[in-house]
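Keep the model open while you read. The paragraphs below go from one part to the next.

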Amino acid sequence: MPKINLLPKNVAELIAAGEVVERPASVMKELIENSIDAGATEITAEIQRGGITYMRITDNGCGIERSDVPTAFLRHATSKIKTDRDLDCIGTLGFRGEALAAVSSVAKVEMLTRTENSNVGTHYVIEGSEEKAQEDAGCPKGTTIIIRDIFFNTPARMKFLKKDVSEGNAVSQVVERIALSHPEIAFKFIRDGKTVLNTSGDGNLKNTVYAVLGREFSNSLIEVNDSINGIKVTGLTCKPVFCKATRNSQFTFLNGRLVRSGTVIAAVEQAYKNSAMVGKFPAFVLYLEVPFDTVDVNVHPAKTEVRFSDEKRIFDGVYGAVKNAITQSDTRPEIKLNAPKFNPFQNVTAKEYRQGVIEERVQKQEPIFKSEPKKTDFSTLTFRNNTPTPEFTRKFDTMGANGERIPFDTKPKVNIDIDIVEYNNKVIK
Ligand code: ADP
Ligand code: MG
C-alpha cells in the first residue's frame, strides 16, 4: 500500500474548487450573489470572450475592510454565518465561504474594495491561490473584482469549456435571472464591450421583466399576490392562452434566491390544468417567501436545488395563489348551468342575433318579466375566445341564477345561464 499523504493546500483547493467553479457562469453567479449580500443597489457585470479571459463585477455595496481582504479568499471564510445553528436559518445568498477561495485557486483575481469608513481602499491580487499584491488604492465605496484567464493553471478543466459564445450565453442567463430576482437593484451587463442589459432598479417588477424578457412576454402577464399557509407568493404569470411550448420561461425565486423546484413547477402547472392547452407550459416569474427554517438550501454547492421540510404546504400555497390569480384575471362571463329556466341565447346564430332574436325572446318571456316595465337594455358581454374576442356590446336586463331580473343599470358581472352561444357560426364556451 503506498504511503498516505496529506494533500498540499493548493491541490486541496483545486479539488474543492471543482464543485463551485464549473465555468464562467458559475463564477458570475457567486460573485453577483456576494454583491447582493453586500447590500449593493447597483451592480455592473462585464465579460469578454464568454468570460473565459475576463470577467468584472463592480458593486456599490459595503466593501471589505483591509484586514479582512486576505481572509475572504480563504476556504470556509465567511462573514455570513458563525455557528452550526446559523445553518438552519440562512438569510443570505452565500454562506459556505467557498467562492472567493475557489475562484482564486483556478484564475487570476484582482480586487479593489473600500468600506464607507475608510478613506483609502485596498488593491489585492491573488493568482492560483498565491497572493501577489496588497496595497492602497483610491477607489469608490464598494467592491470591484476582476477574474482573468479562468483555469489558466488547470488545462484539463479548460478543455471542458464550450465555445466563447456558449459560455457567454450561460453567463448572460445567470445575470438575467439574478436581475429578475432583484428588481430593486440596477443591473448592467456588458458583453464584449456592448451593453446588453440595463435594468432600472426602481423596484417595479414589470419594468424589470420588460428589460429582461422583452415586450411580448410583458404584455401577457397576470399579477400574483397571495399568502397561503404562511407561504407568500408574488410575481407574474402568463395568461393561459400565452402558455409556451417549453419550460424555459419559468423562474422561481425562493427567499430571493433563484431555485429549481419540481414542487413549484408542478403546483403552477396544476393550477393551469383546465385553462391551458395540453402540452403547453406556463411562463412565470414567481417570488416565494417562506420561513427560513422550512427550507434547506444546503443541498448542493451550486445552491439551486432546495429541499422543503413540508412539500405539500409549498405546493398548496403556490397552487392556490396561481389559481386565484388566473381565476380573477379571467374576464369571461361566468357560465352557470344550474337552473336554466330561460336562456335567450340558446342556439342563436350571429345573424339571428343581429336581427334582434334575443330581444324578441326576452319579451316573450311574460312570466319572468311581466311586472317589469318594457325596456330593452343590454349589459356588456365579452366572451373569451382564442380568435379575436367577439364582443357583444348591447344592453339588456339579465337574469340571475334563480331567474331574478338584474337590471342593466347595476352592471352585473354577466351571469346569464348559457348553454351554447354561437357567434359567426362558431361555438363559444
Ligand atoms: P460566502 O459568500 O459564502 O460568505 P465567499 O467566498 O463568496 O463566501 O466570500 C467570502 C466573504 O468575502 C464574504 O462572506 C464577504 O464577507 C466577503 N465578500 C465577498 N464579496 C464581497 C463583496 N462584493 N462585497 C463585500 N464583501 C464581500
Ligand atoms: Mg459568496
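This is a predicted model: local features need pLDDT of at least 70, side-chain atom pairs count only at pLDDT 80 or more; totals for chains, interfaces and linings use all residues.

Start with the open sheet of 8 strands. Its order is β5-β4-β3-β6-β2-β1-β7-β8, and the pairing is mixed. Which strands stand at the edges? They are β5 (130-137) and β8 (194-198). Each has a single partner strand, so one side of each is left without a neighbour in the sheet. From one strand to the next, the twist averages 10°.

Strand β7 (residues 186-191) pairs with β8 in the antiparallel sense, over 4 bridges. One pair to find is Ile190 and its bridge partner in β8, Thr195. Strands of a sheet pair through backbone hydrogen bonds, either parallel or antiparallel.

Now move to a helix on this sheet. Helix α4 lies across β3 (108-114), β4 (121-127) and β6 (142-148). Its direction runs at about 135° to β3.

The elements that give two or more residues to the shell around ligand 1 are α2 (24-37) and α4 (99-106). In total, 19 residues surround ligand 1. The closest are Asn34, Thr78, Ser79, Lys80 and Gly97. By class, the shell divides into 7 nonpolar, 8 polar and 4 charged residues.

A polar backbone atom of Ala99 is 3.2 Å from an oxygen atom of ligand 1. For a backbone N or O atom of Leu100, the distance to a ligand oxygen is 2.9 Å. How much of the ligand does the protein cover? On its own, ligand 1 has 530 Å² of accessible area, and the protein covers 92% of it.

Turn to the other sheet. Here 5 strands form an open sheet, again with mixed pairing. The order is β9-β10-β13-β11-β12. Its edge strands, β9 (221-228) and β12 (257-259), each pair on one side only. Neighbouring strands are turned by 20° against each other on average, direction ignored.

Inside this sheet, β10 (residues 231-238) and β13 (residues 284-289) are antiparallel partners over 6 bridges. Val233 has Leu288 of β13 as its bridge partner.

Two helices pack on this sheet. Helix α7 (residues 205-213) touches β9, β10, β11 (250-254) and β13. Its direction makes about 45° with that of β10. Helix α9 (residues 262-271) touches β11 and β13. The direction of α9 makes about 120° with that of β13.

How values were computed: Residues are numbered from 1 along each chain as its sequence is written. Chains are lettered from A and ligands numbered from 1 in the order in which they are written. Side-chain values use heavy atoms; hydrogens and water are left out. Two strands pair if DSSP finds at least two bridges between them. Axes are lines fitted to C-alpha atoms, for helices over the stretch in contact, and angles run from 0 to 180 degrees between N-to-C directions. Contact means heavy atoms within 4.5 Å. A residue is near a molecule or strand if one of its heavy atoms lies within 4 Å of it. A polar contact is a pair of N or O atoms within 3.5 Å; within protein, one must be able to donate a hydrogen and the other to accept it, and residues adjacent in sequence count only if both atoms are side-chain atoms. Accessible areas come from the Shrake-Rupley method with a 1.4 Å probe; for residues, only the protein chains shown count as cover. Ala, Val, Leu, Ile, Met, Phe, Trp, Tyr, Cys and Pro count as nonpolar, Asp, Glu, Lys and Arg as charged, and the others, Gly among them, as polar.
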